[in-house]
Amino acid sequence: MSEQNKLPAPEPALLNKTKKSNLILVFGILSVLFSIIPLAGIVFAVLAICLFVKNRSGMKAEIGKTLAMIGIVISIIASAVELLFFPLNNPPSWLSAIRSDFLVSSFWIDFENNFISEKRYMYILKGLGVTFEVTFFAVLLGIALGVVVALVRSSYDTLKEEMRGGFGKGLLWFFNKLCGVYLTVIRGTPVVVQLMIIYFVIFASSNNKILVAVLAFGINSGAYVAEIIRGGIMSIDKGQFEAGRSLGFGYVRTMAFIIIPQAFKAVLPALANEFIVLIKETSVSGYVGLQELTKGGDIIRSRTYSAFMPLIAVAIIYLVIVMFFSWLVSLLERRLKNSER
Amino acid sequence: MSADNKVIISVKDLKKFYNDGEVKALDGVTTDIRKGEVVVVIGPSGSGKSTFLRSLNLLERPTGGSITFEGNDIMAPSTDINKLRQKMGMVFQHFNLFPHLTILRNMTIAPMKLNGLSKEDAEKKALSLLERVGLADRAKAYPSQLSGGQKQRIAIVRALAMDPEVMLFDEPTSALDPEMVGEVLDVMKNLAKAGMTMVCVTHEMGFAREVGTRVIFMDCGRIIEENTPDQIFTNPQNERLKSFLQKVL
Ligand SMILES: Nc1ncnc2c1ncn2[C@@H]1O[C@H](COP(=O)(O)OP(=O)(O)OP(=O)(O)O)[C@@H](O)[C@H]1O
Ligand SMILES: [Mg+2]
């Protein structure tokens with residue numbers, strides 16, 4: 001295998017396959033785009049899935065197939081909505097019957113009460129936006145903190161023998177201890193308590209709830225990210241470090257050019273998972289009155305006195321988001337596995 | 001010939017202890033490495049061969065004794081060990097190529113970042129080195145796409161790209177399938193012929209005999225016998241060397 005040259009040009013069959021998987025991808029995208037027009041979305045989706053069944057190969061085909069399935073689901077929902085609400089001059093009598101029956105059904109009355117009247121759906125939409133905002137910035141903060149803490153801790157582990165003492169070593173020792181305390185405290189207390197301490201004690205004078213949530217979840221996630229990244233650094237073969245040093249790279253450059261890029265690649269899926277975990281964790285932000293997705297659903301519940309619809313809606317939204325990102329992570333994982341390592 | 005050449009590395013009473021002196025990996029090693037020598041280090045497993053080799057570029061920090069490189073004490077606080085390591089290329093048993101970089105990048109990263117070579121110059125040099133070991137067509141490949149023998153040849157030229165004055169080899173063929181040992185030894189032989197100063201830990205007695213200018217036999221952290229390959233293999237003095245040779249030949 002190793003001696004053979006790289007294929008100069010793909011064989012015809014292979015070429016055909018890539019063409020087909022491109023086609024699957026295009027049909028998948030079209031099925032999502034056209035899903036508002038009921039039949040069009042389903043036609044494209046069926047085309048994509050039929051092609052996929054005949055020719056299940058490659059990442060693009062996989063993505064196309066999944067998009068097609070998403071397209072089908074949206075199409076069905078859109079068709080139902082249009083069937084029931086699309087304004088028509090002379091609706092056929094069977095349709096009018098369905099429509100008037102639906103309008104008095106308890107499902108629709110509940111639904112309208114919980115989401116439509118007084119624009120209550122805005123609680124959900126705005127809450128979703130806040131959830132994403134907090135999660136996004138908290139992840140960034142968490143990764144930044146995590147990288148710093150992981151570097152301090154693994155540097156201390158490797159350099160404590162090499163360094164000859166003095167100020168530099170003392171400083172590193174101090175920061176290492178500091179990071180140790182940070183990890184112990186953050187991982188040893190519940191995130192809700194940390195959130196409330198930051199809001200009611202540390203930032204008692206400020207009312208910027210989003211900032212407080214970003215800080216709380218970022219600092220919290222940083223502790224877990226630090227351990228993920230440290231694990232990644234430790235998983236890199238010691239020989240890599242020695243090879244870098246033996247070429248003449250110092251400690252910092254060996255880490256920067258050789259160890260960190262490999263470690264980062266190794267932990268990328270775990271970091272993406274941390275993002276997924278955080279989306280769900282931010283649901284406790286209601287404790288400090290931040291109106292994110294969960295709190296939005298809860299406010300609706302307190303207004304309408306019906307718990308089922310708003311809470312189930314919130315649950316479904318979390319589920320869809322988590323499933324979608326988990327799917328992205330699994331693509332990423334496969335991608336990394338296939339790429340040269 | 002070697003006796004009149006300039007001493008590059010001088011090792012005096014080198015000691016390396018582990019576990020507070022319980023394990024004596026090196027127990028007083030003294031020797032000189034001269035320019036153009038090919039020194040082959042042999043000895044049973046655990047005799048301290050790797051520790052000796054890795055002390056020469058301070059991958060292991062000795063417990064006692066001294067090492068000078070071109071007259072400078074390498075353990076002195078004023079010595080820039082990173083500069084020094086650039087003059088000592090090292091080849092490992094398990095290749096240790098950088099898996100996230102292409103072959104070309106594996107070979108150009110150190111010359112570019114450390115010697116300030118431009119990308120064009122570094123790549124030109126890398127390609128001519130790859131030509132020398134017959135792997136120029138693999139420049140764009142990643143390490144995982146190469147066989148063991150190819151990896152080790154790349155590891156050798158990666159070290160050569162820094163223009164070292166000495167090359168250190170720690171069992172470069174021990175992790176290879178038998179049919180790939182030859183191609184790596186050939187590269188080492190050509191290197192020796194070109195006048196490179198080399199210190200090789202190896203179990204390849206044929207190589208020691210053919211290209212070695214001196215053989216060092218180590219046991220229990222000490223140099224037991226040290227002589228020309230001819231004398232070591234045809235006229236061994238020490239009993240431990242005799243029984244070692246009986247086992248490996
Ligand atoms: N980090 C360590 N801690 C404790 N003992 C060690 C350590 N590294 C090496 N040793 C010991 O030092 C001695 C010399 O080891 P070294 O690796 O130099 O032997 P070697 O001659 O290269 O053997 P081999 O042929 O198996 O590679 C051995 O007894 C080994 O167990
Ligand atoms: Mg060894």
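**Ligand 1 and the strands of chain B**

In chain B, strand 2 (23-34) and helix 1 (49-56) each contribute at least two residues to the shell around ligand 1. The model described here is predicted. Of the elements involved, helix 1 of chain B gives the most to this shell, with three residues. The surroundings of ligand 1 comprise B:Tyr18, B:Val23, B:Ala25, B:Pro44, B:Ser45, B:Gly46, B:Ser47, B:Gly48, B:Lys49, B:Ser50, B:Thr51 and B:Glu171. By residue class, the shell consists of four nonpolar, six polar and two charged residues.

A distance of 2.8 Å separates an oxygen atom of ligand 1 from a backbone N or O atom of B:Gly46. In the side chain of B:Lys49, an N or O atom is likewise placed 2.8 Å from an oxygen atom of the ligand. For B:Glu171, a side-chain N or O atom lies 3.3 Å from an oxygen atom of ligand 1. On its own, ligand 1 has 640 Å² of accessible area, of which the protein covers 60%.

Strand 2 of chain B, which supplies part of the ligand shell, also belongs to an open sheet of four strands. The strand order in this sheet is 2-1-4-5, and the pairing is antiparallel. Strand 2 and strand 5 (72-73) of chain B form the edges, each pairing on one side only.

Within the sheet, strand 1 (residues 7-18) and strand 4 (residues 64-69) of chain B are joined by five bridges in the antiparallel sense. B:Val11 has B:Ile67 of strand 4 as its bridge partner, while B:Ile9 is positioned opposite B:Phe69 of strand 4. B:Phe69 also stands opposite B:Asn72, a residue of strand 5 of chain B. Strands 4 and 5 of chain B pair in the antiparallel sense over two bridges. These two strands form a hairpin with two residues between them, and in this hairpin B:Glu70 adopts a positive phi near 50 degrees.

Chain A was examined at the level of its domains. The domain assignment divides chain A into domain 1 (11-88) and domain 2 (121-340). The C-alpha centres of these two domains of chain A are 35 Å apart. Contact between them involves four residues of domain 1 and four residues of domain 2 of chain A.

Conventions. Residues numbered from 1 in each chain as written. Chains lettered and ligands numbered in written order. Predicted model: local features only at pLDDT ≥ 70, side-chain atom pairs only at ≥ 80, totals over all residues. Heavy atoms only, no water. Near = heavy atom within 4 Å. Polar contact = N/O pair within 3.5 Å; in protein donor to acceptor, adjacent residues only side chain to side chain. Areas by Shrake-Rupley, 256 points an atom, 1.4 Å probe, with all protein chains shown as cover. Nonpolar A, V, L, I, M, F, W, Y, C, P; charged D, E, K, R; others polar. Pairing = 2+ DSSP bridges. Domains from an automatic or database assignment. Contact = heavy atoms within 4.5 Å.
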